[in-house]
Amino acid sequence: MGFPNGHELNPPLRNLPHHPITPSPHHPITPSPPMLPLLIAELKRTWIQFIRYPAEVIAGLVIITSVFYGLFLSAQYMTGPGFNFGDRLDAVVVGYVLWTLVLYIINDIAIGLQSEAQTGTLEQVFLSPFGAPRVFLARAVASLALRLTLIVGIVLILMGITGSRLSFPLTLIFPLFSLVMAGYGLAFIMGACALVFKRVQQVLGVFQFVLLFLLAAPVEEWEGTMAWLRYLLPMLPSTGLLRDLMARNVGLDWATLGLAMVNGFGYLGLGLLLFRWAENTAKRRGTLGGY
């Protein structure tokens, strides 16, 4: 159908002039806010929750130490009163304490995310200018200060009731750091599962026993193909280094520490990527605030 003067009602877009979009000097792009105020706020929040609900923390401390002491008495009964565990007891104590620390880290993000969804505040966290990953990471770091204090208490109690003698060289900070990074990575992976699948309590329960096997087993003594496998599984290089330093009084292997750092940051990066993917998937499905 023709039109006067040879013009069309809706001219093709390709004939329209192209004007590139340039940022306006009156409306500059707002940079992301700094992390320090967020971290301070989360430290205050963690401390307020601790002083408001101290019974929960103390009960957890008692349960963790009681479970290990029960296992220790059972092993002592099976081996007989005259059996000397040697540094194996120290290695088991280190593995059990590290398992407790990793569970604290994972539950702070995965369980915390589910709690936010149940109370209806999860969408507010994702609307924060900091971004959800930074908020949950700041909460985990703030909670880690309290968790490390509890871990020190657990170590002292276990050393007292079992007779274990652990060493605490300053160099243990490096493998502990790499282990915490890998633990955060696993926490964000479980948080991603909680965003997509919502209820992951059963998965977390099974995952705890898998972690107990990985962290309590002496994987640093594996040989052949299994020796290389332990560098690929999360936290195992760091766990072996910590057992060598604290239980066997062996010096720090810097080459293994380098692999442990790669392992830790690799799993942390993987966890953040999966968490971002799960966030976008939940937003696309419209199920971000559901549980």
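User: Which residues form a nonpolar patch on the surface?

Analyst: In this predicted model, local features need pLDDT of at least 70, side-chain atom pairs count only at pLDDT 80 or more, and totals for chains, interfaces and linings use all residues. Residues are numbered from 1 along each chain as its sequence is written, and side-chain values use heavy atoms, without hydrogens and water. A patch takes residues with over 30% relative accessible area and no salt bridge, nonpolar side chains (Val, Leu, Ile, Met, Phe, Trp, Tyr) being joined within 5 Å; a salt bridge is a side-chain nitrogen of Lys or Arg within 4 Å of a carboxyl oxygen of Asp or Glu. With about 290 Å² of accessible area together (Shrake-Rupley, 1.4 Å probe), the patch residues are Tyr 69, Leu 73, Ile 157 and Ile 161.

User: Which elements give two or more residues to the nonpolar patch?

Analyst: Helices are DSSP runs of H or I, at least four residues, numbered from the N terminus. Two elements qualify: α2 (54-79) and α5 (132-162).

User: Why is Ile 157 called partly exposed?

Analyst: Ile 157 is found in helix α5. Buried means under 20% relative accessible area, exposed over 50%, and partly exposed in between (1.4 Å probe, protein chains only). Ile 157 is partly exposed because its relative accessible area is 35%.

Definitions and conventions
Patches are made of residues with over 30% relative accessible area and no salt bridge: like charges are joined within 9 Å, nonpolar side chains (Val, Leu, Ile, Met, Phe, Trp, Tyr) within 5 Å.
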